[in-house]
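Let's take a walk through this model together, one piece at a time. Keep the sequence and the 3D view side by side as you read.

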Amino acid sequence: MTISLKVNGKSHEVNDDPSTPLLYVLRNNLGLHGPKFGCGLGQCGACMVHVNGRATFSCIFPIAAVAGREVTTTEGLMENGKPNKLQQAFIDEEAAQCGYCISGMVMRAQALLNTKPKPTEEEIRSHMSSNLCRCGTHAAILRAIRRVAVA
Amino acid sequence: MRLHAVLISIVLIGIFLVLAGLAWTWRPAIEPISSGAKQVADAKTIRQGAELATIGNCSDCHTTKSGASYAGGLALDASPYGTIYSSNITPDPETGIGKWSEEAFRRAMHEGVDREGRHLYPAFPYDHFTHATDQDLHALYAFLMSQQAVRSTVPSNDLKFPFNIRLLVAGWKILFLSRGSLEPDSSQSPEWNRGRYLVEGLGHCSSCHTPRNLFGAEKKYSAYAGAVVDGWYGPSLNSSIFASHKWSADQLAEYLSTGWHKMHGAAAGPMSDVAKNLSRASRENVDAMAIYIASLSNDSKAPTAPAQDKPVVNATSEVVAIYTGACAKCHNDRNDVGPSKALPLSLSTAVHQADSANAVRAILYGIEAYRGSGGPYMPAFDGILTDSQIASVAEYVRARYSGGPQWTDINKEITKARQKGGQP
C-alpha cells in the first residue's frame, strides 16, 4: 500500500504495510537515522519524533495513522545545516554519553520549548520523565534544556 | 382571643423546634491543645498509624500533586454540589490539626465534626471511619502528629446554595450515618473479619465502588454494585460480571499490592493510587482485605471464561493497521505480557465492561503510575492518534475481544475525559 508522508518538510511516497511503525520507515526507507529503536514498546523515548509538533513514540505509531500530518525528526531541527539552539546546548553540555537516547531527548525537549519557551524546572522534569537514558546523563540533559529555557 | 392563643402556640412550638434542632445538631468546640502538651508516641504506635494511613489512602485526598504530604488543598469535585478542598491534616497549629487533641481527632473520624464543632462534609468518608477502633485512631493520630507541620491555608469550599449550609450535614447524618463499630461475624474466619474491618472502615472501598443516591450517600442496597469516580468506572465488587475470570482472594491480594494481575489487568485511574498505597501496607492486612472482597462476589462465573477473539467483519483497513502497529506490539495474544505487562485484551476488564469509560481513558492517558516501580505501563495516545482513530480502535477492540454489545458512548466518553482532565 502506498502512503504519502511529509517528513522534515519533504513529501515522500512510501510503499509498505500500513501497520509498519513510522520509525522503521524513517530509518529504513528514508535513511533518517536520528530516531533510534530502543524498546519498541513506547517506553523509552529513543524513537521520539514530532508528529504535528507533538512528541510521539514513532515505534508504536503505524504509518496508517500518519496521513495528512507532518513529521519532524532531529535532522529536521537543523538550521542551515547547523545544530539548532537546543541541539547546540546538548553539545555544549556534553549531554551525550553513548548518545543512543539523545535524539529522542532533543525531540521531547524541543516539543516542550515550542509550546512553552520558559518552562519551570518542575515542568521540564515532568515533561522529560517519559524518556530514559541508561547511561544516566539526565543531569547534563536537564542542564542543556535549562540553557535554552532561560536564554 | 382563641386565634391569638393558636398563633402564640404555633410561634412557641416553632421556637422550640428551632432550639431543639440547634441543640441536637450543635457540637461543642473541644479545647485546643498547646504545642507543649503534645504527647510523644512510641515508634511502634507511629508505625501502626502509618500503616493505617496507608490503608485509609489519607494522602490521596489530603495531598495535592505537587504539595507537601497531608497539607491538603486538593480540589475534590463534589458535583453537582460544587468543589470541596481537602483540609490540612499536618500538625501545624494555625492551618492544620496541631491544636486538635486526640479526642477531637476521634470525634472527627467517628462523627464528622471538627475541633471547633462544625459538621464536616461527607466527602470526608466518616461514614466508614466511624467503624475504626479507638486504638487504631490512637495510632493514626500519633502518626499524623509525628508528621512535619506544614503551614498552608487551603482554599475555601466552593459549594452551591443550599449545600454551603453546614447545618444541612447534621440532617444528612441522621439519615445516612450509622455510627459505631462493626460486630464481628463469628461464622467467618478472623482474617475475613479483619478484612471486613479494614475494607468497610478505614479502607472505605465502597466510597468508590458503591453508587450514590441524590444526597450523595452510598446506596445501602446496592453496596459494591460499581460506581463512576472522576469519570472512571469503579467496577462492581459484588460480582465478577465484567471480569474475564472470577476473582480469587489470591488474585485480589496480588492486584491490590502490585497494581496488576495477569488475568485481569492493571489498576488505573483513581485505583492506581490505592494500589500504590497498598503496596506499602503489610501483606497480612492486604490478604485479609482480599479475602473479604472476594467473599462479596457471590456469582459462580466459570473460573476460565473462553477468551474472545472474533474476526471483526466491518473493520476498516486503517483501524486494523493502527491496532496492529500501535496496540498489538504490547497486547499480543501469545500470553507474553512483556515488560509493559500488557494483557491479551480478551482478559481486560476495561474491554468487557458495559461502557467504554475506562478503555477510553486508558488509551487517552495511558498508565503511568508504576513507571518507577516496574509495574504495568501504557503510553498515552492523546493527541498522538486523532480522536476518531482512538474511537475506532476502542470500537474495534470491543468487537474483537468482548462478547458484549457494541459501545455507543465512546465519543461522549472522550469528550468527558477531556473536560475532567482525565487523570486523577
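Predicted model: local features only at pLDDT ≥ 70, side-chain atom pairs only at ≥ 80, totals over all residues.

**A guided tour of the two chains**

In chain A, strand β1 (residues 2–7) and strand β5 (residues 70–72) pair in the parallel sense over two bridges. Along this pairing, Val7(A) stands opposite Val71(A) in β5(A). Helix α3 (residues 102–115) of chain A packs on the sheet, where it touches β3 (48–51) and β4 of chain A. The direction of α3(A) makes about 35° with that of β3(A).

Residues are numbered from 1 along each chain as its sequence is written, and chains are lettered from A and ligands numbered from 1 in the order in which they are written. Helices (H or I, at least four residues) and strands (E, at least two) are DSSP runs numbered from the N terminus, and two strands pair if DSSP finds at least two bridges between them. Residues are in contact if their C-beta atoms, placed from the backbone, lie within 7 Å. Angles run from 0 to 180 degrees between N-to-C directions, with axes fitted to C-alpha atoms, for helices over the stretch in contact.

Now look at the whole sheet of chain A. It is an open sheet of five strands in the order β2-β1-β5-β3-β4, with mixed pairing. Its edge strands are β2 (10–15) and β4 (54–57) of chain A, each of which pairs on one side only. On average, neighbouring strands of this sheet are turned by 40° against each other, direction ignored.

Staying in chain A, where does Arg134(A) sit? Arg134(A) lies in the loop between α4 (121–128) and α5 (138–150) of chain A. It counts as exposed because 12 other C-beta atoms lie within 10 Å; the cut-off is 12 or fewer for exposed, 20 or more for buried, and partly exposed in between, with C-beta atoms placed from the backbone. Arg134(A) and Cys98(A) are 36 residues apart in sequence, and their C-alpha atoms are 8.9 Å apart in space.

Four bridges join β1(B) to the antiparallel strand β2 (residues 82–85) of chain B, and a hairpin through three residues connects β1(B) to β2(B). Ala78(B) stands opposite Gly82(B) in β2(B), while Ala75(B) has Tyr85(B) as its bridge partner in β2(B). On to the next pair: β2(B) and β3(B) are antiparallel over two bridges, and Thr83(B) has Asp158(B) as its bridge partner in β3(B).

Stepping back, chain B is divided into domain 1 (24–161), domain 2 (190–296) and domain 3 (317–420), with bounds that come from an automatic or database domain assignment. The C-alpha centres of domain 1 and domain 2 of chain B lie 23 Å apart. Their contact takes 14 residues from domain 1 of chain B and 16 residues from domain 2 of chain B. On the domain 1 side, α2 (43–55) and α5 (126–129) of chain B each supply at least two residues, and α2(B) gives the largest share, four residues.

Finally, how do the two chains meet? In this contact, 19 residues of chain B touch 18 residues of chain A. Helix α13 (residues 317–327) of chain B gives the most to the chain B side, with seven residues. Val320(B) has its place in α13(B) and is buried, because 20 other C-beta atoms lie within 10 Å. The C-alpha atoms of Val320(B) and Arg334(B), 14 residues apart along the chain, are separated by 18 Å.

Technical notes. Contact = placed C-beta atoms within 7 Å.
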